[in-house]
Amino acid sequence: MMSALSAADNAQLFRELASTIAAARDELCRLDGVIGDADHGIAMEQGFSAASRAIDALPSDCTFADQWNAAAKGFLNAVGASSGPLYATAFMRAAKAAGARQALPLNEAPGLIVAMAEGIRSRGKAEVGEKTMVDAWAPAASAAEEGMADGLSVSEILTRVREAANAGAESTKAMVATKGRSARLGERSIGHIDPGAASAAMVINVIAESWGRHDTH
Ligand code: ADP
Ligand code: MG
């Protein structure tokens, strides 16, 4: 039988996201200090901490949609930086994709990566190659879509999703920023990884690791 994720698993995922991002706060602020305003680690820490607390405050019979929508609201209210509305939109798209269900079949989970990436792209209007978090999210989503279309196992799909996100974040080093705060640096942004892409790769890795633990095939 195909394994499924429970709402409790999803709450645990958000606790892991909050603790991983909290541990990376200073590093993300340092990266943002090079090409932005040095607040990205604080924004992400506060956002994921608020998202996780919002989920933990829900009743135990809540659905996946309730959880992702609560995460969106918590993140948006906690974060004034541009990452706030981007992640809030991502989580609202995940809520819609997961639906009002208390269990999510594991083979549908990679579809949430696709939904989140699409949310970020439609909210921020950035394309691949513009040195933003889209450069991590979009290749991760493509890997998820291709893996699902090819009928790969969930853990194989998630491995490819992680590799694509990591390579995508790394690829921003060579790019010139044209979106967001770092765009004013122009050519001087070359050689530095985009902080939003770096944190996106961290987020995608935590999500894929968490889901991958449930693939018992
Ligand atoms: P701010 O730039 O307001 O200080 P953060 O520091 O939290 O916000 O986030 C900066 C990151 O947001 C950038 O590194 C980039 O990845 C991402 N970003 C900025 N603008 C966009 C956009 N239009 N689309 C997608 N991502 C964006
Ligand atoms: Mg910033």
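Predicted model: local features only at pLDDT ≥ 70, side-chain atom pairs only at ≥ 80, totals over all residues.
**Metal site.** Select the magnesium ion (ligand 2) and show the side chains of D32, D37 and D39, whose OD atoms coordinate the ion at 2.0 to 2.2 Å. Along the chain, these donors follow the spacing D-x4-D-x1-D. Now colour by accessibility. D32 has a relative accessible area of 8%, and because this is under 20% it counts as buried. D39 stands at 25% relative accessibility and therefore counts as partly exposed.

**Largest pocket.** Next, display the largest pocket, which holds about 470 Å³ of space. Its lining is made up of 24 residues, and to find the centre, select S82, L86, M133, G180 and R181, the closest ones to it. Then show the helices: α2 (25–35), α5 (83–98), α6 (110–124) and α9 (195–212) each give at least two residues to the lining. Coloured by class, the lining shows 8 nonpolar, 9 polar and 7 charged residues.

Finish on W211. Which residues does W211 touch, leaving out those up to four places away in sequence? Select L5, L13, L106, A109, P110, L112, I113 and L158 to see these contacts of W211. As a general point, nonpolar side chains tend to be buried together in soluble globular proteins.

Key:
Residues numbered from 1 in each chain as written. Chains lettered and ligands numbered in written order. Heavy atoms only, no water. 1 Å grid on protein atoms, 1.4 Å probe; cavity = no way out; pocket = protein on both sides within 12 Å on 5 of 7 lines; lining within 4 Å. Points joined across faces, edges and corners; volume = space filled by probe spheres on them. Helix = DSSP H or I, 4+ residues; strand = E, 2+ residues; numbered from the N terminus. Nonpolar A, V, L, I, M, F, W, Y, C, P; charged D, E, K, R; others polar. Donors = N, O, S within 2.8 Å, 3.2 Å for Na, K, Ca; no water. Buried < 20%, exposed > 50% of the residue type's maximum accessible area, 1.4 Å probe, protein only. Contact = heavy atoms within 4.5 Å.
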